[in-house]
Amino acid sequence: MALPGARARGWVRAANVAQRRRLSEDAGGTPSPAPGSQRAALYVHWPYCEKRCSYCNFNKYIPRGVDEAAMRRCLVTEAQTLLRLSGVRRVESVFFGGGTPSLASPRTVAAVLEAVAQATHLPADSEVTLEANPTSAPGSRLAAFRAAGVNRLSIGLQSLDDAELQLLGRTHSAGDALRTLAEARRLFPGRVSVDLLLGLPAQQVGPWLRQLQELLRRCDDHISLYQLTLERGTALFAQVQQGALPAPDPELAAEMYQQGRAVLREAGFRQYEVSNFARNGALSTHNWTYWQCGQYLGVGPGAHGRFIPQGAGGHTREARIQTLEPDNWMKEVMLFGHGTRRRIRLGELELLEEVLAMGLRTDVGLTHQHWQQFEHQLTLWDVFGASEEVKVLLEQCLLLLDHRGLRCSWEGLAVLDSLLPTLLSRLQEAWQQRPSSPVPGG
């Protein structure tokens, strides 16, 4: 355990890192934006938790003890290596997820940000988000994370009902959550997001809507609504399978979602993505990179990334997955500079399928200009304009195809999963039927 003086020195150093980022831009001006292939978001995975929640199957571990200094060195090393391999010159956002990254020390967060700022351009106003659980984020700790360079919080609130929190295996109470939320809003005004789950076993629409209304009286400008998914291998899945709990009712969950999004719209929130709502322009720029199929680097055990390894001479986007288990991942990082376990080259059609499926999750959908960044030969009109199946969806007012591009309507966004099979099938047909690209020299 670090001595108080050592912690204080670490926080001062972290504050200096953030200040240097600002001063470097003030002195030299803002660099010209890098081309799309040289820009990326950065995700950093902290794999440790205090306990495993009953519904969670994420890559996380409950350790007896954590060698944080070793983990910090490896996170820094892997970030430096992947930035070099990718050829990325500008990092648009950084997201510390997990696990429970608020269990990490602010010094670790500062060290990663400093390494990124030294290896590439990290603008002073870049979004730097930290996921936090109420029980691991007292006010003094949140202030230290702010000094380390964090400027946005995502709080895993999940519910405002103590019985539901106990069912989910959460370590906090509703009171803990609201106190943490109030402190977070004081330290990060306009930059606090909260998660709320729906579709729990035995959960009813009325009580859940009252939770949402209570949250609206306390929250900041960003809310995420997530439907509970029963994952095989979790304690909650086993309880439902054994009959100890009723299975979640999908029709009730759908009603919660529909009424919840209507309540949020009435409160001035824009549903800018299937599960995400913001007002006053408080969208998550980091997650927007995912939905726009931008490049992102994944650092840490089990992290995922998608980028072109230009620094290593590559020209094709790859999906990368890091080694899952923290100790094995650290060994690989110490040996090779990174812990990449799998590299999968993405074909042109695979990438277009991701562009379609991810882009339609947003209220903007796919603009013609955005589509043309990934596909120069087939336009959106070519792919979807003459399809009878797509025409039915347009007539049902679930989809819109016009001068702006292709997007879901308000009604369509709620049932996107049922629309995607038709759209993906049409894309695959159009891809197979497209004229061959001309070969240089005939």
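Let's start with a pair of helices: where α6 and α7 cross, the crossing is right-handed. Keep in mind that this is a predicted model. Helix α6 covers residues 174–187 and helix α7 covers residues 205–218, and the two pack with their axes 11 Å apart, at an angle of about 30 degrees. Angles under 35 degrees count as roughly parallel, so α6 is roughly parallel to α7.

Now for a bit of sheet. Three strands come together in an open, antiparallel sheet, and their order is β13-β15-β14. The edge strands are β13 (366–367) and β14 (399–401), each of which pairs on one side only. Strand β15 spans residues 405–408 and runs antiparallel to β14, with three bridges joining the two. As for L399, its bridge partner in β15 is C408.

Then there's the second largest pocket, with a volume of about 940 Å³. Its lining takes in 37 residues, and the ones closest to the centre are C293, G294, R317, Q373 and F374. Which elements give two or more residues to that lining? Here they are:

| Element | Residues |
|---|---|
| β1 | 39–46 |
| β2 | 90–98 |
| α10 | 285–291 |
| α12 | 348–359 |
| α13 | 368–374 |

And what does the lining of this pocket have by class? There are eleven nonpolar residues, 17 polar ones and nine charged ones.

How values were computed:
Residues numbered from 1 in each chain as written. Predicted model: local features only at pLDDT ≥ 70, side-chain atom pairs only at ≥ 80, totals over all residues. Heavy atoms only, no water. Pairing = 2+ DSSP bridges. Helix = DSSP H or I, 4+ residues; strand = E, 2+ residues; numbered from the N terminus. 1 Å grid on protein atoms, 1.4 Å probe; cavity = no way out; pocket = protein on both sides within 12 Å on 5 of 7 lines; lining within 4 Å. Points joined across faces, edges and corners; volume = space filled by probe spheres on them. Nonpolar A, V, L, I, M, F, W, Y, C, P; charged D, E, K, R; others polar. Axes fitted to C-alpha atoms, helices over the stretch in contact; angles between N-to-C directions. Parallel < 35°, antiparallel > 145°, perpendicular 65-115°, else oblique. Left-handed = near helix turned anticlockwise from the far one by under 90°.
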